[in-house]
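The points are grouped by topic.

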Amino acid sequence: MLGIIGSIMFIGAIILLFNSLEKYRFRIVVAVVIVYMFLPNLLIATYQETLANGIAAISYDGNGQCDFVTMDDCMDAECNLVLHNRSDEAVTVELEFIDSLFMEEEDMRMESLMNLAGPYTITLAPNSQKHIHLEELLDLSNVPNHIDSGTSFSIHIKLIDGNETRIL
């Protein structure tokens with residue numbers, strides 16, 4: 001809902017900017033749109049590399065993948081993702097998996113099945129990128145509404161460090 005309101009406000013601001021300019025209106029509007037596309041990611045990366053510490057300094061590109069194959073009452077599950085610690089100190093976090101919005105709407109469990117064997121404790125060295133490969137054999141005998149097999153891309157994760165929680 002906030003995304004829709006923000007988009008409407010941005011479009012309104014662009015229209016007002018366009019109407020208020022007499023000279024170079026197309027160039028300035030295109031420049032503003034380009035800056036709006038790249039500035040947030042640049043500011044986030046700058047914040048993580050300079051001021052952030054703990055789980056706030058960890059970035060995730062969102063390109064994780066999980067594969068699930070059912071065998072009787074067990075499931076062979078394998079997940080791969082890359083986390084990047086941008087701070088100057090090592091960070092230890094617990095990693096949990098969150099089902100995608102599509103799976104939550106259907107009341108089916110997919111990525112969150114990995115939590116049966118977790119949470120996973122992961123330590124990231126200072127200013128490092130770490131490829132995380134998790135492979136588990138999950139017992140599904142007492143788990144209702146789970147998938148049989150499949151692959152999930154762009155997985156969502158939750159990082160926990162003491163009382164701090166961050167969803168990526």
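**Surface patch**

Valine 30 has a relative accessible area of 47% and is therefore partly exposed. The model is a predicted one. Valine 30 belongs to helix H2, which spans residues 25–50.

- A nonpolar patch on the surface is formed by Val30, Ile34, Met37 and Phe38.
- Together, these residues have about 400 Å² of accessible area.

**Nonpolar core**

- In soluble globular proteins, nonpolar side chains tend to be buried together.
- The largest nonpolar core of this model comprises 29 residues, and Leu83 and Phe97 are those with the most contacts inside it.
- Two or more residues of this core come from each of these elements: strand S1 (58–60), S2, S3, strand S4 (91–98), strand S5 (120–124), strand S6 (128–139) and strand S8 (156–161).
- S3 provides the largest share of this core, with five residues.
- Leaving aside residues up to four places away in sequence, leucine 83 touches Ile58, Ser59, Tyr60, Leu124, Ser128, Gln129, Lys130, Ile132, Ile157 and Leu159.

**Cysteines**

- One disulfide is found in a search of the whole structure.
- The disulfide is formed by cysteine 66 and cysteine 79, whose sulfur atoms are 1.9 Å apart.
- The disulfide is right-handed because the torsion about the S-S bond of cysteine 66 and cysteine 79 is about 115 degrees.
- Both cysteine 66 and cysteine 79 are buried.
- Cysteine 74 has 28% relative accessibility and so counts as partly exposed.

**Positive phi at non-glycine residues**

- Asparagine 127 is not a glycine, yet its phi is positive, at about 45 degrees.
- Asparagine 127 is located in the loop between S5 and S6, and its relative accessible area of 47% makes asparagine 127 partly exposed.
- Serine 154, although not a glycine, has a positive phi of about 55 degrees.
- The loop between strand S7 (149–153) and S8 contains serine 154.
- With a relative accessible area of 43%, serine 154 is partly exposed.

Note on methods
Residues are numbered from 1 along each chain as its sequence is written. This is a predicted model: local features need pLDDT of at least 70, side-chain atom pairs count only at pLDDT 80 or more; totals for chains, interfaces and linings use all residues. Side-chain values use heavy atoms; hydrogens and water are left out. A disulfide is a pair of cysteine sulfur atoms within 2.5 Å. Buried means under 20% relative accessible area, exposed over 50%, partly exposed in between (1.4 Å probe, protein chains only). A nonpolar core is a set of buried Ala, Val, Leu, Ile, Met, Phe, Trp, Tyr and Cys residues joined through side-chain atoms within 4.5 Å. Helices (H or I, at least four residues) and strands (E, at least two) are DSSP runs, numbered from the N terminus. Contact means heavy atoms within 4.5 Å. Patches are made of residues with over 30% relative accessible area and no salt bridge: like charges are joined within 9 Å, nonpolar side chains (Val, Leu, Ile, Met, Phe, Trp, Tyr) within 5 Å. Accessible areas come from the Shrake-Rupley method with a 1.4 Å probe; for residues, only the protein chains shown count as cover. A salt bridge is a side-chain nitrogen of Lys or Arg within 4 Å of a carboxyl oxygen of Asp or Glu.
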